[in-house]
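Have it open while you read.

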Amino acid sequence: MRFVPHFTDGQAFSQPLGKIVCIGRNYADHAKELDNPVPTEPLLFIKPATSAVDLREPLNPPFSRGEVHYEIELALLVGDTLTDATQDEAQRAIVGIGLAMDLTLRDVQTQLKEKGHPWEIAKGFDGACPLSPFLPLERVPNWNALAFTLEIDGEERQRGEGADMIFPVPTLVAEMSRHFTLEPGDVILTGTPVGVGELPRGAKLKMTLTGGLEITGSVVE
């Protein structure tokens, strides 16, 4: 069954999840921690809808394929069709904000990159995009004021702030719509801050987002 985004009040979005459009290296410190150059234009990729799972359910990634890395990100739910949109149109089309985990098969990704091959299989596997419920948006928020955190076994591992994004939300969404038509039910991931690392088996997770969203989760043993 196709994953359906939900709001924090339990209401289902009117459309099932479409594509998940992501950006890599949208925080300078994260690019540096992986020894990657800081981009001058958005580095975009797509996860399929089949990669989505509920962030509140135990995560069960394919550990047999090497190291699995966590990357917490701000997630945006698209409510209108966007093609070559202005920044104002892009902002108005976002109907929900939440959290996502961009899980990455790091060993697989490294091997593929060394060969110059695409690395979708390291990012788009089943379960690669755990999603939280979305806080409904009644008005455009102050994107720079948004902050989110990830704790693993009680220790803060990542903290992101909208003000630290290389490409702010309005710019990013408008740019994405130049390359891919965005449709109701699509989700946008906005990049991960510094602090990524290996996801431990059996870990307890806690994630927070400005506006009152708090999610607890776990990883299978």
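This is a predicted model: local features need pLDDT of at least 70, side-chain atom pairs count only at pLDDT 80 or more; totals for chains, interfaces and linings use all residues.

1. Setting aside neighbours within four places in sequence, Lys47 is in contact with Lys19, Ile20, Cys22, Asp102, Leu103, Lys123, Ala128 and Cys129. The residue lies in strand S2, and at 0% relative accessibility Lys47 counts as buried.

2. So what does the side chain of Lys47 make a polar contact with? The partner is the side chain of Asp102, at 2.8 Å. The Lys47 side chain also reaches the backbone oxygen of Leu103, at 3.4 Å.

3. The structure holds 0 disulfides. Cys22 is in no disulfide, and the nearest cysteine sulfur, that of Cys129, is 6.2 Å away. Seen from the other end, the closest cysteine sulfur to that of Cys129 is in Cys22, and 6.2 Å is too far for a bond; the cut-off for a disulfide here is 2.5 Å. Both are tucked away: Cys22 is buried with a relative accessible area of 1%, and Cys129 is buried at 0%.

4. On to the largest nonpolar core, which has 67 residues. Leu74, Leu76, Met101, Val173, Val187, Leu205 and Met207 touch the most other members. Strand S5 (residues 72-78) gives the largest share of this core, 6 residues.

5. Not counting residues up to four places away in sequence, Met207 touches Leu55, Ile72, Leu99, Met101, Thr149, Leu150, Leu213, Glu214, Ile215 and Gly217.

6. An open sheet of 3 strands runs in the order S7-S4-S13, with antiparallel pairing. S7 (104-105) and S13 (197-198) are at the edges with a single partner strand each, so one side of each has no neighbour in the sheet. Strand S4 (residues 68-70) is joined to S13 by 2 bridges, and Tyr70 stands opposite Gly197 in S13.

Terms used. Residues are numbered from 1 along each chain as its sequence is written. Side-chain values use heavy atoms; hydrogens and water are left out. Two strands pair if DSSP finds at least two bridges between them. Helices (H or I, at least four residues) and strands (E, at least two) are DSSP runs, numbered from the N terminus. A nonpolar core is a set of buried Ala, Val, Leu, Ile, Met, Phe, Trp, Tyr and Cys residues joined through side-chain atoms within 4.5 Å. Buried means under 20% relative accessible area, exposed over 50%, partly exposed in between (1.4 Å probe, protein chains only). Contact means heavy atoms within 4.5 Å. A polar contact is a pair of N or O atoms within 3.5 Å; within protein, one must be able to donate a hydrogen and the other to accept it, and residues adjacent in sequence count only if both atoms are side-chain atoms.
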